[in-house]
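The following note concerns side-chain interactions and packing in the model shown below.

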Amino acid sequence: MAKPPPAPAEEEETAALRRRLRKLVATVTAGCAGADAFDEAAAALAALRQAEVGGSGKGARGGGEEARPAEEADADAVPAQFLCPISSKIMADPVVVESGQTYDRRFIVKWFSAGNQMCPQTKQVILNTTLIPNLLIRSMIAQWCTENGFALPPLENQEEDYVSNSERRTFDEIFNKITSSSNSTEQKQAIKGLRLLTKRSSEFRALLEERPESISQMTFARFSTPGLQNDPQVVEDMVTIILNFSLHDSNKKIIGDDPEAIPFLIWALKSGDMGSRSNSAAAIFTLSALDSNKEKIGELGAIEPLIDLLDHGSIIAKKDAASAIFNLCMLHENRSIATNCGIVDVALRAIGDQSLVEESLAILALLSSNYDMVELMIEFGGATCMLQAIRESECKRSKENAAVILFSICMYNRKKVKEVEEDENTNGSLASLAQNGTPRARRKATAILEMMKRAKPMHNRHSSC
């Protein structure tokens, strides 16, 4: 089947991209190009493809135009989950509190500092004020800002964690028991103690900077001690220690560079119990905030067991797996790996059975700029699934992602336009979305409705024949 013609884009932007690409190609073919020229040519080609095939309108800003500050965005146009419930502004540093709610760090810190002990939304008493970065929401905010021409809110400088000598001694005493004790019961208790300390104290998490070999030593102790090797609780505790360490931003590269850390997480993801698998997925998610870690995690084989967990895990494990897969697929190379491992089928089934709609739609929307991946979505009934999501979902972001995917389906397979038109004549979902959706959803819905209008004369000619 021939690929459909590209969608119209702004003429000036497209012309500039074409000129730049011609110059780069001339340089490359002349044999005088450095490595940077190849990378720049690939980037220019991808930008041109986005403008002509997958363009998202105003969000694709070109010609040197500067992005506007996110604070200027109309609150009504911003997906609700991107706004801090306290400030009603786009979150710069979204964090999760004990109640499971997400807030912008500086506003929830002020809330707790004022003596408040309840979650502002749920009114649940908060006993542990540890804040966990919500990197999935941060990634989605970054994507939305890029698509809509806004600058991502900058992270504020956070206070450094000052580690006392007493804390260093405590850490060393516990760690010596893990790595040097001949008593496996004592080792298990020490591992459990380190798990609790790294959960409760950011200072103990910061100590990994001073002792970067700690994770390798810990995993070697488990491997070399018969009493620890096959204990599922020890595996879960060690996985959770790595997860806790990974919450400290400066530790992400340290853990990614550790030769044992990511392979151990992947092993636990494949072989551990549900608690270990879920926490492994959560650790991979936090580590994948770094692009260098995204690449390593994908190359080492984490994506296939993550997709299996998304398919067969508990609801908490499914959410952890989906968050990790979404973050990993921000890197283009990992999208092909995820597709080859069956993410399209698994995500569509998750949407169909209503088990993980929002997360699965976000993943598929990332993949929908690729022709081969869209072909798979079509093969597995993606058009019908997206129409159902647009009709039934109560989440504006989910409706938007469903419209993005449906637009790609209609672009790559014009036969599906007729199927969409029949549904639209019955339900009017796209017309409603074109009026009431997010800005991006309105653009995509309007573009699909325009395709339907252009297709009608063709249908009429065929019927008259």
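1. Glu236 and Arg195 form a salt bridge with an N to O distance of 3.7 Å; the term denotes a side-chain nitrogen of Lys or Arg within 4 Å of a carboxyl oxygen of Asp or Glu. Glu236 belongs to helix α10 (residues 232–246) and Arg195 to helix α6 (residues 184–200), so the bridge ties together parts 41 residues apart in sequence. Helices here are DSSP runs (H or I, at least four residues), numbered from the N terminus. Both Glu236 and Arg195 are buried, where buried means under 20% relative accessible area, exposed over 50%, and partly exposed in between (1.4 Å probe, protein chains only).

2. The model is predicted: local features need pLDDT of at least 70 and side-chain atom pairs count only at pLDDT 80 or more, whereas totals for chains, interfaces and linings use all residues. Residues are numbered from 1 along each chain as its sequence is written, and side-chain values use heavy atoms, with hydrogens and water left out.

3. The structure holds 22 salt bridges. In one of them, Arg211 meets Asp172 at 2.8 Å, N to O. Arg211 lies in the loop between α7 (202–206) and α8 (214–224), and Asp172 in helix α5 (residues 165–180), so this pair joins parts 39 residues apart in sequence. Arg211 is buried at 16% relative accessibility, while Asp172, at 28%, is partly exposed. Separately, a network of salt bridges links Glu147, Arg397, Glu400 and Arg440.

4. There are 4 aromatic pairs, defined by ring centres of Phe, Tyr and Trp (its six-membered ring) within 6.5 Å; planes under 30 degrees apart count as stacked, over 60 as edge-to-face and the rest as tilted. Phe264 and Trp267 are stacked, at 6.0 Å centre to centre and 20 degrees between the planes. Both residues lie in helix α12 (residues 261–271), 3 residues apart. Phe264 is buried at 7% relative accessibility; Trp267 is partly exposed at 35%.

5. Arg222 lies over the face of Trp267, 4.7 Å from the ring centre. The criterion is NZ of Lys or CZ of Arg within 6 Å of the ring centre and within 35 degrees of the ring normal.

6. The largest nonpolar core has 129 residues, and those with the most contacts inside it are Leu306, Leu364, Met386 and Leu406. Such a core is a set of buried Ala, Val, Leu, Ile, Met, Phe, Trp, Tyr and Cys residues joined through side-chain atoms within 4.5 Å. Helix α22 gives the most to this core, with 10 residues.

Methods:
Helices (H or I, at least four residues) and strands (E, at least two) are DSSP runs, numbered from the N terminus.
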